[in-house]
Amino acid sequence: MMEKIASFFNINMLIAVLLYICGHVLAWYTHNLQFAYDWWKDKPVLSNIVFGVPCGFAFWYGTRYAMEAYPELWTARFVAFAISYVTFPILTWYYLSESMFTAKTLICTFLAFLIITVQIVMK
């Protein structure tokens with residue numbers, strides 16, 4: 001099992017994961033800073049320019065590196081999806097004080113990690 005994990009997270013997949021993390025953080029800021037800070041409430045264009053453009057590049061290159069690691073778009077998609085369940089709860093808790101420790105959120109987070117496990121084990 002450890003061999004499969006090590007081979008799954010080769011250098012290209014590690015770069016993809018880091019880019020997906022950056023992309024999800026930037027996406028969170030693009031859409032949700034309006035709820036954390038009044039200053040951002042009426043600035044959708046600025047928010048999309050400041051955070052959305054680099055977010056798009058992070059996802060674009062993240063997908064490119066994920067496809068170089070494993071040329072299956074579904075693997076790239078599921079890895080990106082699962083990463084969102086790591087970044088979103090942390091940022092939402094930090095900025096909006098919404099707990100990630102509810103049954104619904106914990107189950108979804110567990111399922112996200114299960115998706116990654118399936119991608120690793122069944123590659």
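Partly exposed means a relative accessible area between the under 20% of buried residues and the over 50% of exposed ones. The model shown in these views is predicted.

**View 1. Phe57 sits in helix α3.** Phe57 has a relative accessibility of 49%, so Phe57 counts as partly exposed. Now look along the chain to Leu46. Phe57 and Leu46 lie 11 residues apart in sequence. In space, their C-alpha atoms are 17 Å apart.

**View 2. Gly52 is another residue of helix α3, which covers residues 44–69.** Its relative accessibility is 23%, so Gly52 also falls in the partly exposed class. Which residues does Gly52 contact, leaving aside neighbours within four places in sequence? They are Thr30 and Ser47. From Gly52 to Ser97 is 45 residues in sequence. From C-alpha to C-alpha, Gly52 and Ser97 are 24 Å apart.

**View 3. Helices α2 and α3 cross at roughly 155°.** Helix α2 spans residues 11–36. The axes of α2 and α3 come within 7 Å. Because of that angle, α2 is roughly antiparallel to α3; the cut-off for this class is over 145 degrees. The crossing of α2 and α3 is left-handed. What kinds of residue make up the contact of α2 with α3? By class, there are 19 nonpolar, 9 polar and 1 charged residues.

**View 4. The largest nonpolar core holds 16 residues.** Five of its members touch the most other members: Phe8, Met13, Tyr20, Ala66 and Val79. Which elements give two or more residues to this core? They are α2, α3, α4 (73–96) and α5 (103–121). Helix α4 gives the most, with 5 residues.

**View 5. Ala66 is one of the core residues that touch the most other members.** Set aside residues up to four places away in sequence. Ala66 then touches Asn12, Met13, Ala16, Tyr20 and Ala76. Among these partners, Met13 and Tyr20 are also named with Ala66 in the largest nonpolar core.

**View 6. A second core is separate and has 9 residues.** Its members include Trp28, Tyr29, Leu33 and Trp40.

How values were computed: Residues are numbered from 1 along each chain as its sequence is written. This is a predicted model: local features need pLDDT of at least 70, side-chain atom pairs count only at pLDDT 80 or more; totals for chains, interfaces and linings use all residues. Side-chain values use heavy atoms; hydrogens and water are left out. Helices (H or I, at least four residues) and strands (E, at least two) are DSSP runs, numbered from the N terminus. Buried means under 20% relative accessible area, exposed over 50%, partly exposed in between (1.4 Å probe, protein chains only). Contact means heavy atoms within 4.5 Å. Axes are lines fitted to C-alpha atoms, for helices over the stretch in contact, and angles run from 0 to 180 degrees between N-to-C directions. Angles under 35 degrees count as roughly parallel, over 145 as roughly antiparallel, 65 to 115 as roughly perpendicular and the rest as oblique. A crossing is left-handed if the near helix is turned anticlockwise from the far one by less than a right angle, and right-handed if clockwise. Ala, Val, Leu, Ile, Met, Phe, Trp, Tyr, Cys and Pro count as nonpolar, Asp, Glu, Lys and Arg as charged, and the others, Gly among them, as polar. A nonpolar core is a set of buried Ala, Val, Leu, Ile, Met, Phe, Trp, Tyr and Cys residues joined through side-chain atoms within 4.5 Å.
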